[in-house]
Amino acid sequence: MKAVSIIGYKKTGKTTLAVNLASELNSRGLRVAAAKFTHHAFDRAETDTAKLAEVCSAVMGLSENQTQVVWNAKRYLPDLLPLVSADVLIVEGGKSLGWLPRVLLLRSPGEADELGRDLALATYGDIGAPGLHSVSDVSELADIVLAKGFALPGLDCGACGLENCQALAERMVAGMGEGLRCKASHGGLRISVGGATLGMNPFVASIMRGSIMGMLSQLKGYAPGVSVHIDMD
């Protein structure tokens, strides 16, 4: 999944850009999912789902055209990705997400440092910043996202040899990721749920892989040294 976050302060046009970028990607035949970070509650007071949420740990809403789930607890974005099936993920907000590259919307060039220039693929709009690629055309921005967008698992396991996922993401954005690899996403065991790969640190992956191979070795038809594919419905 290609992914990018759109970062900027209030009233800088984050939602407008997210919608326009999603529309451009849709026009290219790609499936687009979006995630929005907000400081406000999502449910309006006095609605039926709000009343249910007061006494339930989770509320599910289903209609002919839409489905929603409201949890009365914090969830983290990587935990929700298996619920969506998309080619591109657009995140509005999420300044603290160091495992995603970002597009900056600036009110002044100096804001680039505040908003994380080391993770920035580009700035968008009339105001740019020294040292960063500046874009004002949404089609050009879509090209950049498809060429350079990514999502690391956010485990901060250090298996790649760097301190955390943000350090790896910064290297990748700067084009210095050659020879570095996220081993939590590309280890000897790969598990995906709903098309989204689950990140596992190498220690956990090694235990799971050894356990599975140990059980398979007792079955007729198993041959060591060949790839194994398991489907679960």
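1. Five is the count to begin with: 5 bridges join strand β2 to strand β5 (residues 88–92), and the two strands run parallel. Two strands pair if DSSP finds at least two bridges between them. Helices (H or I, at least four residues) and strands (E, at least two) are DSSP runs, numbered from the N terminus.

2. A note on the source: this is a predicted model, in which local features need pLDDT of at least 70 and side-chain atom pairs count only at pLDDT 80 or more, while totals for chains, interfaces and linings use all residues. Residues are numbered from 1 along each chain as its sequence is written, and side-chain values use heavy atoms, with hydrogens and water left out.

3. Strand β2 covers residues 32–36. Its covered face holds A33 and A35, and its uncovered face holds V32, A34 and K36. In a regular strand the side chains alternate between the two faces of the sheet.

4. What is the bridge partner of K36 in β5? It is E92. The side chains of E92 and K36 also meet in a salt bridge (2.7 Å, N to O). This pair links distant parts of the chain, with E92 in strand β5 and K36 in strand β2, 56 residues apart. A salt bridge is a side-chain nitrogen of Lys or Arg within 4 Å of a carboxyl oxygen of Asp or Glu. E92 counts as buried at 9% relative accessibility, and K36 as partly exposed at 45%. Buried means under 20% relative accessible area, exposed over 50%, partly exposed in between (1.4 Å probe, protein chains only).

5. The whole structure has 6 salt bridges. One of them joins the side chains of D87 and R31 (3.2 Å, N to O). D87 lies in the loop between α3 (77–80) and β5, and R31 in the loop between α1 and β2, 56 residues apart. D87 is partly exposed at 27% relative accessibility, and R31 is partly exposed at 42%.

6. R107 and E111 form a salt bridge through their side chains (2.7 Å, N to O). E111 is buried, with a relative accessible area of 5%. Elsewhere, salt bridges that share partners join E24, R28 and D143 into one network.

7. Helix α1 (residues 14–27) packs against helix α5 (residues 138–148) at an angle of about 75°, with axes 9 Å apart. The two helices are therefore roughly perpendicular, a label for angles of 65 to 115 degrees. Axes are lines fitted to C-alpha atoms, for helices over the stretch in contact, and angles run from 0 to 180 degrees between N-to-C directions.

Note on methods. Angles under 35 degrees count as roughly parallel, over 145 as roughly antiparallel, 65 to 115 as roughly perpendicular and the rest as oblique.
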